Amino acid sequence: MKLSRRNLVLGALLSAFVLTGCGKKEEAANVQAPTTPAAEVKEYVVGTDAAYAPFEFENDQKQAEGFDIDVVTAIADKAGIKVKFINTPWEGIFASLNNGDRDALVSAITITDERKASMDFSEPYFEARQLIVVAKDAKVAKFGDLKGMKVAVQTGTTGDELVQKLLGKTSADIKRFESTPLALKELESGGVQAVVADNGVVINYLKNNADKGLISVEDKDSFHPEYYGVAVKKGNAELLGKINEGLKAIKADGTYDKIYAKWFGENK
Ligand code: ARG
């Protein structure tokens, strides 16, 4: 009896102490304890325009999936860094590096001199080329045949740049879309006569839409090889170094080839 009464008094005193704020220091210390700096691992945020199968697309769980995602995940594994992918619309994807929203971008991004002026790129990880998509019966054998036709492109892509060179920057014949699938839908519905876009995406689309009466046309004289790179903010040498180190490692140990085979078949 005596003991429990003493405890009651002690308890009351203690509550008073805490309630009056004298215990604040202790509380604060308790809150901080689980997040000591040593336990913190920086997670790099990677932006990707996930409307570009098979490089990046949203799966049923709304997670980004695809060749690019596998490559960067494997790179991060080797480099000992953590990454998280965030779907980021193509329009504004480059700005997201500069304002710090994203640490890196993987999005089938072609390394170009113009882009190199405002961001840094990893070593190339994929070779691509533009393809023309037209209706089966269209009289198009080469890029130049698109003159006088309406052509759809994804805004601000290398396909857009090439079509601008052919038809003129301000040509009313160029119809721009925020994604490549939307540009292809426009061709399907007859709003344009052609699309110019990266080969990997076009081939994947035609395979999955075989009933739409569309074909692809190659023009190696007009379309030269393009190389995809992972982009980081200009001057972020630390992250770029890790990405290049990881890329080298996955190319050396066969991981890259396995990922390539998973998405594009065995033949490189
Ligand atoms: N390779 C082209 C470029 O860099 C198109 C890339 C578009 N990528 C995407 N995920 N939408 O301009």
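Close-up 1. A cavity is a set of points, on a 1 Å grid over the protein atoms alone, where a 1.4 Å probe fits but cannot get out, and lining residues have an atom within 4 Å of a point; grid points are joined across faces, edges and corners, and a volume is the space filled by probe spheres set on the points.

Residues are numbered from 1 along each chain as its sequence is written. Because the model is predicted, local features need pLDDT of at least 70 and side-chain atom pairs count only at pLDDT 80 or more, while totals for chains, interfaces and linings use all residues, and side-chain values use heavy atoms, with hydrogens and water left out.

**Close-up 2. The largest cavity.** About 90 Å³ of space lies in the largest cavity, whose lining includes D49, W90, R115, Q154 and D198. Domain 1 (43-127 + 227-264) and domain 2 (130-217) both give residues to this lining, so the largest cavity lies between them; the domain bounds come from an automatic or database domain assignment.

**Close-up 3. The largest pocket.** The largest pocket, with a volume of about 410 Å³, is lined by 16 residues, of which F126, N199, G200, I203 and F264 lie nearest its centre. A pocket is an open set of points with protein on both sides within 12 Å along at least five of seven lines. The largest share of its lining, five residues, comes from α8.

**Close-up 4. The largest nonpolar core.** Among the 31 residues of the largest nonpolar core, F55, F67, V71, Y125, F126 and Y256 touch the most other members. Such a core is a set of buried Ala, Val, Leu, Ile, Met, Phe, Trp, Tyr and Cys residues joined through side-chain atoms within 4.5 Å, buried being under 20% relative accessible area with a 1.4 Å probe and protein chains only.

Note on methods:
Buried means under 20% relative accessible area, exposed over 50%, partly exposed in between (1.4 Å probe, protein chains only). Helices (H or I, at least four residues) and strands (E, at least two) are DSSP runs, numbered from the N terminus.
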